[in-house]
Amino acid sequence: MPTEQLIPASKKDYRAQTDRTGAGTTDIALGKPGVDEPAQTRGKTSIADVVVVKVAGLAAREIPGVHDMGGGLSRTLGAVRDRVPGGRPNVGRGVKVEVGERQTAIDLDLVVEYGVSITEVAAHVRENVIGAVERVTGLEVVEVNITVNDIHLPEDDDQPASGETRVA
């Protein structure tokens with residue numbers, strides 16, 4: 001099935017270009033070969049979609065009030081992966097991107113701390129993500145959609161470990 005049919009018409013201008021392996025990459029600078037060309041234009045620069053995912057994930061997590069990222073199942077699987085010896089946290093959890101030739105769109109799933117203003121946290125996350133992605137990749141961020149999936153309550157940290165009873 002062609003990719004053209006899967007992407008809504010409103011997002012076709014920044015849809016991902018894919019290489020032969022199917023992994024999304026974006027060419028942000030198409031260079032020209034030759035010794036007569038300036039050094040900065042000799043060659044091509046490509047950015048993989050995973051780069052945008054990681055930059056956006058790290059930038060979102062920097063904002064106070066963001067407790068975690070991802071939906072319930074991805075957070076559960078991430079918690080299991082984090083406990084495995086040698087495992088690394090997945091900074092891309094809760095981040096989806098569409099990357100085109102010069103633009104990108106980003107979707108984030110957040111868990112915020114109880115008591116913070118969700119609208120303020122979302123605005124700060126959006127601002128930080130846009131700034132980081134545009135600075136690091138050179139791509140224009142056309143939108144950052146944020147979904148708050150859950151609120152982390154202070155007493156969630158005080159829950160007894162499984163196997164322990166709450167009553168004597």
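This is a predicted model: local features need pLDDT of at least 70, side-chain atom pairs count only at pLDDT 80 or more; totals for chains, interfaces and linings use all residues.
I started with burial: 30% of the 168 residues of the protein chain count as buried (under 20% relative accessible area, with a 1.4 Å probe and protein chains only). Residues are numbered from 1 along each chain as its sequence is written, and side-chain values use heavy atoms, leaving out hydrogens and water.

Next I looked up the elements. The protein chain has four helices and seven strands (DSSP runs numbered from the N terminus: helices are H or I with at least four residues, strands E with at least two). I read their order from the N terminus as α-β-β-β-α-β-α-β-β-α-β.

Then I went to strand β6, residues 103-113. Nine of its 11 residues are buried, so β6 is largely enclosed by the rest of the structure.

Which strands pair with β6? I found β4 (residues 66-69) running antiparallel to β6, joined by three bridges; pairing takes at least two DSSP bridges. Here Asp68 sits opposite Val111. Strand β5 (residues 95-99) is also antiparallel to β6, over five bridges, and Lys96 has Asp107 as its bridge partner. Three residues lie between β5 and β6 in their hairpin.

With β7 (residues 140-152), β6 runs parallel over 11 bridges. I traced the chain from β6 through helix α4 (residues 118-137) to β7 and noted a right-handed β-α-β crossover, meaning a clockwise path from the first strand over the helix to the second, with the strands pointing away from the viewer. Asp109 of this pairing stands opposite Thr147 in β7.

Terms used:
Buried means under 20% relative accessible area, exposed over 50%, partly exposed in between (1.4 Å probe, protein chains only).
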